[in-house]
Amino acid sequence: MITRFSAAVPSSLARRLGEHLLRTDGQEDCCFVLWRPATGARRTTAVLVDVALPLEGEHIVHGTVDFTSAYFLRSAALAAERGCGVGLIHSHPQGRGWQRLNQVDHDAEASFAAQALALTDHPLLGMTFAGGDGGHSARIWQQHGPRHYRPLHAESVRVVGEEFAVTFNSLLLPTPVVTSAQQRSLSAWGQQTQNTLARLHVGVVGTGSVGMLVVEALARTGIGRLTLFDFDTVETVNLDRLLHATSRDARMKRPKVRLAAREARRAATASEFQVTALEASITEPDGFVVAADCDVLFSCVDRPWPRHVLNQLAYAHLIPVVDGGVSVDARGGSLQGAEWRAHIAAPGRACLECLGQYDSAYVPMERDGLLEDPSYITGLPTDHPLRRKENVFVFSTAAAAAELAQFITMVAAPAGVSDTGAHLYHLATGTLDRRTAGCDPRCPYDTALLGLGDAAPSVTGRHLAAEHARAARNTFRSRITGLAHRWREPRS
């Protein structure tokens, strides 16, 4: 039984739905959609994958809208053939924001909830389109007994792609109070954007030099829910580039993610702030399902396997991924140049592999632990993409700022622009390259994998480095605990 629910729509499909549902005569309209489940640790998302528009005579518009049983059966058969559920979306032409379910609409959807489940093996999805502002609301009809179905209302519906918009259910996710500490942010982008930022559930994957800066900025900006992922430990070698890290953190072998969560709580300006720290890799099954609960993910990692996983979340689960990175050229023992990049992976935009952020051919090597083998790494050519290129704090700040700018552009859409393309900055020349094209024509992410949700191939597994890092910390903690017990024992 699903207990928490949301829905997600690719922006290209949202535009098709809007073109059909917004009638020139101002009357209501409807159509059926196909959807697949995308299951997280606590929340299930209905990912819309297609629309079945009515054929001649399959729906009747007369102020309100009705449809024939033939239209429903045709749509349900199409959904079952593709392994999808079926959903009905209807319009409220003058509506704005989240639309509550009135009695007429409730009875109409309830009347064929049982048929939808029987024909597709998925619950009926009900949606309402608000013609006044293009917002969406959603519910899923679950069986609670023989011939008894009740709607579970979504927390939010997000439109993801070249555009990004979220309609929140204020009964489940009320608008937080703007605090006095957020006045400067509010003056920059206004109440509506601040309300969206405050209710987004944002995940940050990797809390190293770039990720720690991102976490700090998000907490100060007023993000209400943060989930952080990192299995690594603070070490002395991190102290020149890891914000807030101290020599004591290194001596105590503090997990980076715990340090990030602690500092996020100190920096947070949200009236009700929640932060969850997960000592895991997103490539592990437990990390993946928690990431699937997020509305937006920040990628602050530099390895192929986690980026491969994030790429799938961006397209199969419709969770936009804000990604970036730094490359430093220090040949000959002096700085020759540096580059940092930032972009967003989402439907209609270039994916992480098409942007050259990872090569899927190297993912099996990381899964087998080769990238943690010093002898293997040192045997590679010096310019090989798998050789770790250590970052420095100054360049980390630039990369973090570039990712955060991409995020704010996506959410706030300044001057109506939400996608400015992928950015690559060259330090030596002071120039910025932009890529505005989407994925390469043969890329599967924006085609075959788009909207697959739970039907997408598994990309997770055991992460040996994560397991070893956690085991080493547990051994250290046990030793410290043992020493503390012996110190407290009475001496004769």
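I take buried to mean under 20% relative accessible area. The model I am reading is predicted.

**Cysteines**

I searched the whole structure for disulfides and found zero. I then looked up Cys354. Cys354 is in no disulfide, and its nearest cysteine sulfur, that of Cys443, is 3.6 Å away. A pair counts as a disulfide within 2.5 Å. Is Cys354 buried or exposed? Its relative accessible area is 15%, so I call it buried. Cys439 also lacks a disulfide; the nearest cysteine sulfur is that of Cys443, 3.8 Å away. At 19% relative accessible area, Cys439 is buried.

**Sheet**

Next I traced an open sheet of nine strands. I read the order as β9-β8-β7-β6-β2-β3-β1-β10-β11, with mixed pairing. Which strands are the edges? They are β9 (148–153) and β11 (164–168), each pairing on one side only. From one strand to the next, the twist averages 30°. Strands β10 (residues 156–160) and β11 run antiparallel, joined by five bridges. Opposite Arg158 I found Val166 in β11. Helix α2 (residues 69–81) packs on the sheet and touches β2, β3 and β6. The direction of α2 makes about 25° with that of β2.

**Cores**

I looked up the largest nonpolar core, which has 47 residues. Those with the most contacts inside it include Leu200, Leu226 and Phe407. Helix α13 (residues 393–412) gives the largest share of this core, eight residues. Apart from this core lies another, of 44 residues, among them Cys31, Ala76, Leu88 and Leu124. I also checked Leu226: among the residues it touches, not counting those up to four places away in sequence, are Val202, Leu218, Phe273 and Thr276.

Methods: Residues are numbered from 1 along each chain as its sequence is written. This is a predicted model: local features need pLDDT of at least 70, side-chain atom pairs count only at pLDDT 80 or more; totals for chains, interfaces and linings use all residues. Side-chain values use heavy atoms; hydrogens and water are left out. A nonpolar core is a set of buried Ala, Val, Leu, Ile, Met, Phe, Trp, Tyr and Cys residues joined through side-chain atoms within 4.5 Å. Buried means under 20% relative accessible area, exposed over 50%, partly exposed in between (1.4 Å probe, protein chains only). Helices (H or I, at least four residues) and strands (E, at least two) are DSSP runs, numbered from the N terminus. Contact means heavy atoms within 4.5 Å. Two strands pair if DSSP finds at least two bridges between them. Axes are lines fitted to C-alpha atoms, for helices over the stretch in contact, and angles run from 0 to 180 degrees between N-to-C directions.
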